[in-house]
Structure formats: structure tokens, C-alpha cells
Amino acid sequence: MSHRFPLDLAAIFMFTGALFHIACLFGGADWLLFAGAPVEFSESYRRGDIMPIVWTLFIAFVLCVWGFYALAGARRIRKLPLMKTALLGIAALMLIRGAVGIVMLFAVNWPWHTSMGQFHAAASVMIFGVGLFYAYGFYANLKAR
């Protein structure tokens, strides 16, 4: 396996996540709910408020930036500022978010019978996996220099 492959996968996941967030804006309030947005957030979107759009686009932007850091860590694009720090920070955030989600699957009465519950279970496992990809990328970049 190429040392670039995990970060290539991380970039794909990040860009796909960004597209999913944007798709939620086109899909409407029900898509936002399915994606885990609070009820108040989706209702605000349904009323035509601007803040749900701003926040959703901000999340998509952050995911794109993280995707570019994955590509830079895999040396597919030029090195970005604070490369190693960013890879470590993204890895930590993704691992923590994924781990918390995985623990929640077993620590609470998880709604396995709903599509939203199943989506969040799968998302938590994927987020943790992507965190591992970033952690590997951080380690590979430490060794490279």
C-alpha cells in the first residue's frame, strides 16, 4: 500500500462530506434532520432563515480545507501552511468525534430501528476511520522530514 493512499482516501471522504452538506441544502429541512442537525436548525431553515445556510456552507468549506490538507499531506498538491499541525489536529478531532459517536452507540438507547440512527452509526465509524487515515498521514509526514 502506498503511503499516500490513506490520505487520498481521507481527501475523498472530506470532499464527499462537503458535497453531502451542500446537497442537504437542496434536499431541504428533512435532509438536514437526517444529517443530524437539531430540530430547531432544520425548522429555522424551513422558515427561510439564512443562518442554517451559512453554517452548512461553513461546514462544507471546513471539510474542503481538510480535504486539501489531506491532498497536500499525500503530496498531490503543494505543501500547505502548518501541514503537520493541521494533520495532527484534524486527526485528533476526527478520532474524538468518531470515538464519542461509537461509544454513544452502546452507552445510550440508540435508535437502531431508524434510518437516521443507522446513518449516524455508520458515520461515526467512518469518521473514526478517516481520523486514522489522518493520523497515519501525520506519522508519514513526520518520518519524511
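User: Where does Leu-82 lie?

Analyst: Leu-82 lies in the loop between helix 4 and helix 5; helices (H or I, at least four residues) are DSSP runs, numbered from the N terminus. This is a predicted model, in which local features need pLDDT of at least 70, side-chain atom pairs count only at pLDDT 80 or more, and totals for chains, interfaces and linings use all residues. Residues are numbered from 1 along each chain as its sequence is written, and side-chain values use heavy atoms, with hydrogens and water left out.

User: What is the phi of Leu-82?

Analyst: Most residues other than glycine have a negative phi. Leu-82, although not a glycine, has a positive phi of about 55°. Its relative accessibility is 64%, so Leu-82 counts as exposed (over 50%; buried is under 20%, partly exposed in between, with a 1.4 Å probe and protein chains only).

User: Which loop holds Arg-75?

Analyst: Arg-75 is in the loop between helix 4 and helix 5 (83-107). The phi of Arg-75 is positive, near 60°. Arg-75 is partly exposed, with a relative accessible area of 29%.

User: How many aromatic pairs does the structure hold?

Analyst: A pair of aromatic rings is described by the distance of the centres and the angle of the planes. Rings of Phe, Tyr and Trp (its six-membered ring) pair if their centres lie within 6.5 Å; planes under 30 degrees apart count as stacked, over 60 as edge-to-face and the rest as tilted. The structure holds four such pairs. In one of them, Phe-15 and Phe-68 have ring centres 5.2 Å apart and planes at 70°, so the pair is edge-to-face. Phe-15 lies in helix 1 (residues 5-27) and Phe-68 in helix 4, so this pair ties together parts that are 53 residues apart in sequence.

User: What separates Trp-55 and Phe-58 in helix 4?

Analyst: With ring centres 5.9 Å apart and planes at 90°, Trp-55 and Phe-58 form an edge-to-face pair. Being three residues apart in helix 4, Trp-55 and Phe-58 are separated by about one helical turn. Trp-55 is partly exposed at 46% relative accessibility, and Phe-58 is partly exposed at 43%.

User: Which residues do ring pairs link into a cluster?

Analyst: The cluster consists of Phe-20, Phe-34 and Phe-119.

User: Where is Ile-50, and is this residue buried or exposed?

Analyst: Ile-50 is in the loop between helix 3 (39-46) and helix 4 (51-73). At 55% relative accessibility, Ile-50 counts as exposed.

Technical notes
Helix = DSSP H or I, 4+ residues; strand = E, 2+ residues; numbered from the N terminus.
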